[in-house]
Amino acid sequence: NATVTELDLAHNKIGAVGAQHISEALKVNSTVTQLDLGNNDSGDLGPQHIVEALKVNTTVTKLDFFTNHIGDVGGQHIAEAL
């Protein structure tokens, strides 16, 4: 989709598997600039998947991961992407 720039998937309980699918989509997307993945129970694996996408996707400039039970490992993944 070449018109969606903001994607709000908060409160959908997508978990780490859902984050992995979103990651695959982000790898080939060049229009989404804001992504809200808050309150999705992604744990530490969710950020790991999204960070992998952000290595090739340079258009996402705002990412929200609030209330995902992210621990030190997940935080480390996010820090690596910054």
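Reader: Which element gives the largest share of the lining of the largest pocket?

Author: α2 does, with four residues. Keep in mind that this is a predicted model.

Reader: What makes a residue part of that lining?

Author: A lining residue has an atom within 4 Å of a pocket point. Pro47, Ile50, Val51, Leu54, Val60, Thr61, Lys62, Leu63, Phe65, Ile78, Ala81 and Leu82 line the largest pocket. Two or more lining residues come from each of α2 (45-54), β3 (62-64) and α3 (72-81).

Reader: How much space lies in this pocket?

Author: About 190 Å³.

Reader: How do the lining residues divide into nonpolar, polar and charged?

Author: Ten are nonpolar, one is polar and one is charged. Lys counts as charged, so Lys62 is the charged one.

Reader: Where is Phe65 found, and what does Phe65 touch?

Author: Phe65 sits in the loop between β3 and α3. Leaving out residues up to four places away in sequence, Phe65 touches Leu37, Gly38, Ser42, Gly46, Pro47, Ile50, Ile70 and Ile78. Asp41 is 24 residues from Phe65 in sequence, and their C-alpha atoms are 9.6 Å apart.

Reader: Why might nonpolar side chains be buried together?

Author: In soluble globular proteins, they tend to be.

Reader: Which residues is Ala19 in contact with, beyond its neighbours within four places in sequence?

Author: Ile14, Gly46, His49 and Ile50.

Reader: How many salt bridges does a search of the whole structure find?

Author: Three.

Reader: Why is the pair of Lys13 and Asp41 called a salt bridge?

Author: The limit is 4 Å between a side-chain nitrogen of Lys or Arg and a carboxyl oxygen of Asp or Glu. The closest N and O atoms of Lys13 and Asp41 are 3.7 Å apart, so the pair counts. This bridge links distant parts of the chain, 28 residues apart. Lys13 is in the loop between β1 (6-8) and α1, and Asp41 is in the loop between β2 (34-36) and α2.

Reader: Is Lys13 buried or exposed, and how do you know?

Author: Exposed means over 50%. Lys13 has 52% relative accessibility, so Lys13 counts as exposed. Asp41 has 36%, which lies between 20% and 50%, so Asp41 counts as partly exposed.

Reader: What makes Lys27 and Glu24 a salt bridge?

Author: Their closest N and O atoms are 3.2 Å apart. That is within 4 Å, so they qualify. Lys27 is partly exposed at 34%, and Glu24 is partly exposed at 44%.

Reader: How do you know that Glu52 and Lys55 form a salt bridge?

Author: From N to O, the distance is 3.0 Å. The limit is 4 Å, so this pair passes too.

Technical notes: Residues numbered from 1 in each chain as written. Predicted model: local features only at pLDDT ≥ 70, side-chain atom pairs only at ≥ 80, totals over all residues. Heavy atoms only, no water. 1 Å grid on protein atoms, 1.4 Å probe; cavity = no way out; pocket = protein on both sides within 12 Å on 5 of 7 lines; lining within 4 Å. Points joined across faces, edges and corners; volume = space filled by probe spheres on them. Contact = heavy atoms within 4.5 Å. Buried < 20%, exposed > 50% of the residue type's maximum accessible area, 1.4 Å probe, protein only.
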